[in-house]
Amino acid sequence: MAIETAVVLAAGEGTRLRPLTRNRPKPMLPAATKPILEHVFDQLLEAGIERLVVVVGYGRNRVQSHFGPTYRNTPITYVTQESQLGTGHALLTAESAVDGSFLAINGDQIADDSIVRDVLETHGDGSKAMPNDGPAATLALLRRPADGEYGGAHVDDGRVTELEESPGDDRSYHLNAGIYACEPAVFDAVREATSETGEHSLIDGLSRLVSSDDLVRGVVTEGTWVDATYPWDLLDVSFALCDAGMLEADPPAGDRSAATIHDRAVVREPAVIDRDCVIGPGAVVGPYVCLGENATVGSNAVLERSVVDADTTVADNATVVDCVTGTGVTIGAGSTVPGGPGDVRVGDRVFEDESLGALLADRVTDHGGVAYVPGTIVGPDTELRTGATVRGTVPERTEVWP
Amino acid sequence: MCGIVGYTGARADRSVREVLLTGLSNLEYRGYDSAGVAIANGSLAVRKREGELPELKAAMEGGAEPVPDDGLAGIGHTRWSTHGPPSDANAHPHTDCGGRVAVVHNGIIENYRDLRESLAERGHEFESDTDTEVIPHLIEGALGQGDEFEAAFRRAVDRIEGSYAVAAVHADRETVHATRYRSPLVLGLDDDGYFLASDVPAFLEYTDRVVYLEDGQFASIRPSGAEITDERGSLVDVSVETIDWEPEDAGKSGYDHYMLKEIHDQPRAIRRCLRGRLRELDGAVEIDELGGLDRPKRVHFVACGTSYHASLYGARRFRERGIPSTAFLASEYDVGKIPIEEGTVVIGVTQSGETADTLTALREANSAGATTVTVSNVVGSSASREADHVLYIRAGPEISVAATKTFASQQVALTLLASAITGACDRDTLEALRSLPDHVQSVLDQSRAREIAAEYADAEMDAYFFIGRGYAAPVALEGALKLKEISYAHAEGFPAGELKHGPLALVTERTPVFAVVTGDSRAETMRGNINEVASRGAPVVAVTDSPEPLAADVDHVVPIPETDPRLAPILANVQLQLVAYWIARELGRSIDKPRNLAKSVTVQ
């Protein structure tokens, strides 16, 4: 029996994407105009998955309300991970909802369906007469450097010989794409791999299998695989999906026929314009602009290389370049987000020369004529008064006066 | 009000028993104090139980004689008591003396006492207190006189007066006969099976092709086909409609209760209500389906319960545009005494489109010559066919008995209606409407209702009061209704100005007061009202778009985003819904299916 069930891990906040994750987990942040998780589901269904088990936790209402009980006629079972005690713990939460072999996948990274298919095919038929000759798990490996951000693996003749959570040495690893075909034995291995803090790591669990006699296969594959580590990565992730033609799913992301675009507005491709959007006369939208549901672009506004989430307004005469917004943001009339490069501060780190004009979290309201210094991050529910100049990191629920 | 189902089909992988149980479980929102089925298979297997479906399921599967899997045809019923208390005997289906005919019925038979008396005189024995039981005995009588089953069914239906959707099976037949008069009945068509039900969700997972029966039409379904005939038995041409919502719209999707799911569904529901109706670039609201409806001289709203509260709000939105408008409780609407003049538009607001009181009021308004409009959530419902015009609120199926998202969608729909009917809509209003889904989402993201509920969910409380002024007054009424429906606590809502004219006498430290203070509600005057109750020791929770000035006067401030003051009450209501939900949860109530209540009330 082929694997039909996918366990999708979508319980973590994704703290490096703050402040965009104030109201929702990373899998619900927009890639183009749809949540990342929706793209993950699309690719899984393309690859033949027939049942989705979604582990939810942080911001779970947002996941459940968005998808409801099914996605494109595929039933979804939600299981709640009450406290975030690691990826392995998340997987164990789903154990009772799974019967037999299954696919485990991160809900916050988008891999095209060919990668998923390769894992499923390499893993093969889980229910063999001789239970010991099939792999206990099979994972997808990419020929890209695992540069510390991602897990890595060494593989010898299709057999994984070493798994690292975040490789720190000079050897060259394959990148672990976070897609695993699993036999139920993986649950036991993860259960046994408990850290001192009571957390369960999926990688530690799989490593136990690698170091025991169980076969863990690795399939080296290629295909579109994108992940947003930091908020500005949402721009590149979205544009990569545009370029890879991965927005043609059913239903199409950005159904332009359901938007209102004034005859005298100009749309430069590629641009994704979701339903209920309104674009006023003289506006110039694109190239590389993604407008979420019910977004508004005012008269003569100029918008380029930006991901604008649902219900956001870019008012008349505003200029917005290299910008990421959350939902319900207002960029006021005549405001200017001039585009990167700029230095961006995240926590204690400063990232120099990132192509980020500004990052505006959910429901930031700018009252017009605001100037954004490249690299600015504004926290949710903050108000920027007319004529203000903002730079650096502006905390949530504050007011900035000129 | 109750729900009925019927099925006959030839598919080996789908038993009559399974289809009936699925149908009943999807209709439980219509009633759930008892349930039963009858399956014909040479003999008649009848099982019925007081209580919810699991009781019935156990009765069918266990015991000395489990109900066989391979029936020919069957009917089922989920009941909400009107005649006789919930009990095994009063549960449907009801049978004749010989146990060969079984009947399920939704509605009320007004002349059942006379019928029962005359049947009893002829030796028929009755086992229940219900009005329904006369029908199988009438059929039995007609069969005894040599009628075929179908003719006997028609003759029995001829004798009854009142409202009904009724379905019958006979031990030896593979046919289900059914008819309706002023109670809903819909036929579902599949390649290998035919379904009858009070409402579409009963069989939506099997088929999406349906025919809505009209009053007085008869349906006969057998595995080989279905036919619809009129009162005289002539075939009727019917149109088959395709339902465009998915069965999965009716799942809990990870929430503990439908009510909580539906509260969180509000941003999407409001989006659907607004979609394609706002013309931002033209500065107008347009509602395609209302073509030909002119600006009215006067508007009467007729509605019940939560829909009545939405109507109070709607009437205000019409008055603000200069149209004299009044909301009436449908059960109190009496066209003989309420003048309908030329240019009067009567708007019936009903979620299900089957609410008997509202239907009656609409019918009377129609016959008095008014132009009628139905505002409903259910396409093809009786009310939507009764009125001259229909405006759908597009909230999607609502399963929880306590209405939540449909109230928000009704308020939005009535706001759109008032704008569409009176011409232009200013840009600020359009923008505020377009922002509403996100504003509701922000309330849901940030609500502290759960903590507040935990503080006040206490059996020691005497009552809960809800006050508001202006556009917020209907929301105060609705907040109280929600709380009493699902928590069983005593709750009252009233316009804040009425406090000192009576209710203040009840206010103590054991009566928490929820005050809705929004932009239009004359915040200063509301502050006076808040001080009136606070000085008598009542805990006060203010739901408001301007928290700062109130913070010192109240125990808790529950904030909502700033928006058009006329839309702010819709946001305040979301907070009150969450408070009601969490109080009921703290008190361990059943929430989705409160005692004594059912979703759509199809009896007067």
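UniProt positions are given in the numbering used here, feature names are shortened, and annotations may be inferred rather than shown by experiment. Welcome to the tour. This is a predicted model, in which local features need pLDDT of at least 70, side-chain atom pairs count only at pLDDT 80 or more, and totals for chains, interfaces and linings use all residues. Residues are numbered from 1 along each chain as its sequence is written, and chains are lettered from A and ligands numbered from 1 in the order in which they are written.

**Stop 1: the SIS regions of chain B**

Select residues 286-430 and 452-594 of chain B, which UniProt lists in an unreviewed entry as "domain: SIS". Colour residues 286-430 by secondary structure: this span is 37% helix and 19% strand, with its end C-alpha atoms 12 Å apart. Helices (H or I, at least four residues) and strands (E, at least two) are DSSP runs, numbered from the N terminus.

Inside this span, go to strand β20 (residues 371-376) of chain B, where 6 of 6 residues are buried. A residue is buried if 20 or more other C-beta atoms lie within 10 Å of its own, exposed if 12 or fewer, and partly exposed in between, with C-beta atoms placed from the backbone. In a regular strand the side chains alternate between the two faces of the sheet. Show the side chains here: B:Thr371, B:Val373 and B:Val375 point one way, B:Thr372, B:Thr374 and B:Ser376 point the other way, and all are buried.

Which strand pairs with β20(B) in the parallel sense over 6 bridges? Select β19 (residues 344-350) of chain B to see that partner. Two strands pair if DSSP finds at least two bridges between them. To find one bridge, pick B:Val346 and its partner in β20(B), B:Thr372.

**Stop 2: a five-stranded sheet**

Still in chain B, select the open sheet of 5 strands, ordered β23-β22-β24-β25-β26 with parallel pairing. Its edge strands are β23 (491-495) and β26 of chain B, each pairing on one side only. On average, neighbouring strands are turned by 20° against each other, direction ignored. Axes are lines fitted to C-alpha atoms, for helices over the stretch in contact, and angles run from 0 to 180 degrees between N-to-C directions.

Contact here has a cut-off: two residues are in contact if their C-beta atoms, placed from the backbone, lie within 7 Å.

Zoom in on β22 (residues 464-468) and β24 (residues 513-517) of chain B, which run parallel and are joined by 4 bridges. B:Gly468 stands opposite B:Val516 in β24(B).

**Stop 3: a helix with a buried face**

Select helix α13 (residues 449-456) of chain B and highlight B:Ala449, B:Ile452 and B:Ala453, which are buried. Look down the axis of α13(B): the buried residues fall within an arc of 100°, so they line one face of the helix. That arc is taken from the directions from the helix axis to the C-beta atoms. What covers these residues? Among the covering elements are β25 (540-544), β26 (556-559) and α17 (568-586) of chain B.

**Stop 4: an annotated active site**

In an unreviewed entry, UniProt annotates B:Cys2 and B:Lys599 as "active site". Select B:Cys2 in the segment before β1 (3-9) of chain B. B:Cys2 counts as buried because it has 28 C-beta neighbours inside 10 Å.

**Stop 5: where the chains meet**

Show both chains: the contact takes 20 residues from chain A and 18 residues from chain B. On the chain A side, helix α2 (residues 60-67) gives the most, with 4 residues.

**Stop 6: backbone details**

Finish with a few close-ups. In chain A, a cis peptide bond with omega of about -5° joins A:Glu269 and A:Pro270; A:Pro270 is in the loop between β16 (266-267) and β17 (271-273). In chain B, the peptide bond from B:His92 to B:Pro93 is also cis, with omega near -5°.

Lastly, select A:Asp353 in strand β30 (residues 349-354) of chain A. Its phi is near 55°, a positive value in a residue other than glycine. Is A:Asp353 buried or exposed? A:Asp353 is exposed, because 12 other C-beta atoms lie within 10 Å.
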